[in-house]
Amino acid sequence: MLRYVTRRLISLGLSLLVASALIFAVVELVPGDPASFMLGTGAQPETVAALREQLGLDLPLPLRYLHWLGGVATGDLGHSFTYKTPVAGMILDRLQVSLPLALLALVLAAAVALPIGMFAAARRGRPAETAVMGATQIGIALPNFWFAMLLVLVFAVNLRLLPAGGFPGWSHPGAALKALILPAVALALPQAAILARVLRSALVETLGQDYIRTARAKGLTAGQALTRHALRNALIPVLTVLGMQFSFLLAGAIIIENVFYLPGLGRLIFQAITQRDLIVVQGAVLVLVAAVILVTFLVDLSYALVDPRLRR
């Protein structure tokens with residue numbers, strides 16, 4: 001197991017190195033000059049050239065990449081062209097919103113999807129399964145931004161139970177958690193529908209295995225065979241989807257963050273792109289890629305915990 005973990009860590013490190021090169025190259029190929037954008041269209045060429053030199057934009061591309069990579073290795077992601085503040089600090093501040101939001105949405109999605117998927121699998125071929133699967137299809141097709149606005153209308157405007165937007169900060173934990181409830185629910189709905197369908201399919205396939213029939217022949221009820229034997233063996237695809245969903249929720253919540261006016265990481269990337277703040281874009285995207293790689297690694301390790309056969 002230690003040898004496997006070591007190999008995986010080396011592989012993940014190489015993947016992150018390749019990803020950093022691709023991120024830097026793609027961002028640098030985006031049309032437009034940050035110095036010209038910051039100074040405006042009426043700036044003199046000498047002024048633009050001086051600012052480019054000050055920002056280090058006049059250096060050759062490979063040298064700029066090596067400088068940036070050296071800073072990344074020490075935790076220095078550079079300074080924002082627009083705000084003149086460390087990029088690492090900006091990303092850390094935004095992660096304090098995006099990370100709890102993603103975790104809360106993932107927990108809600110799993111809490112809803114697991115019982116629904118088990119219910120549908122236990123009643124396969126019956127009208128109840130058809131109704132549940134139809135509901136999950138609606139959940140997948142429903143736009144989460146529309147659902148988010150509906151939640152605001154019902155729970156914030158009409159019932160006045162939860163805030164409609166904004167984030168007060170973690171100095172007030174109760175208010176901060178309340179501010180994340182509606183966006184987390186809006187994000188969790190389609191993810192719960194997807195997860196429920198994946199779990200139902202995995203359970204139906206597992207319930208047809210010989211060892212399940214043997215367990216039933218020994219006297220276990222259908223529910224006992226499902227919870228004691230089938231569920232654990234059906235968790236591998238569920239864990240895979242959970243890992244993918246966490247990565248999506250962390251990086252892809254920009255629309256929901258804008259609906260609820262949350263200062264999250266996705267919103268930071270969007271603002272940096274519009275302002276041509278390339279160093280912020282590079283740093284934020286690299287952090288997201290590193291998070292995806294780390295989650296993939298943790299999911300791989302969880303496979304061995306769920307299925308002991310994979311430890312060999």
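## The largest cavity

Seven names to look up first: Y83, L268, Q271, A272, Q275, D277 and V280 line the largest cavity (on a 1 Å grid over the protein atoms alone, a cavity is a set of points where a 1.4 Å probe fits but cannot get out, and lining residues have an atom within 4 Å of a point). This is a predicted model, where local features need pLDDT of at least 70 and side-chain atom pairs pLDDT 80 or more, while totals for chains, interfaces and linings use all residues. Numbering runs from 1 along each chain as its sequence is written, and side-chain values use heavy atoms, with hydrogens and water left out.

The space inside comes to about 30 Å³, and the structure holds one cavity of 30 Å³ or more. Helix α13 (residues 265-274) gives the largest share of that lining, three residues.

## The second largest pocket

Now for an open space (a pocket is an open set with protein on both sides within 12 Å along at least five of seven lines). The second largest pocket has a volume of about 230 Å³. Its lining includes R123, R124, R126, R213 and R216. Two or more lining residues come from each of α9 (210-217) and α10 (222-233), with α10 giving the largest share, four residues.

## Helix α1

Helix α1 covers residues 2-29 and reaches 41 Å from its first C-alpha to its last, close to the 40 Å expected at 1.5 Å a residue (1.5 Å times one less than the number of residues). Its buried residues (under 20% relative accessible area, 1.4 Å probe, protein chains only) are V5, L12, A19, S20, I23, F24, V27 and E28.

Key: Points joined across faces, edges and corners; volume = space filled by probe spheres on them. Buried < 20%, exposed > 50% of the residue type's maximum accessible area, 1.4 Å probe, protein only.
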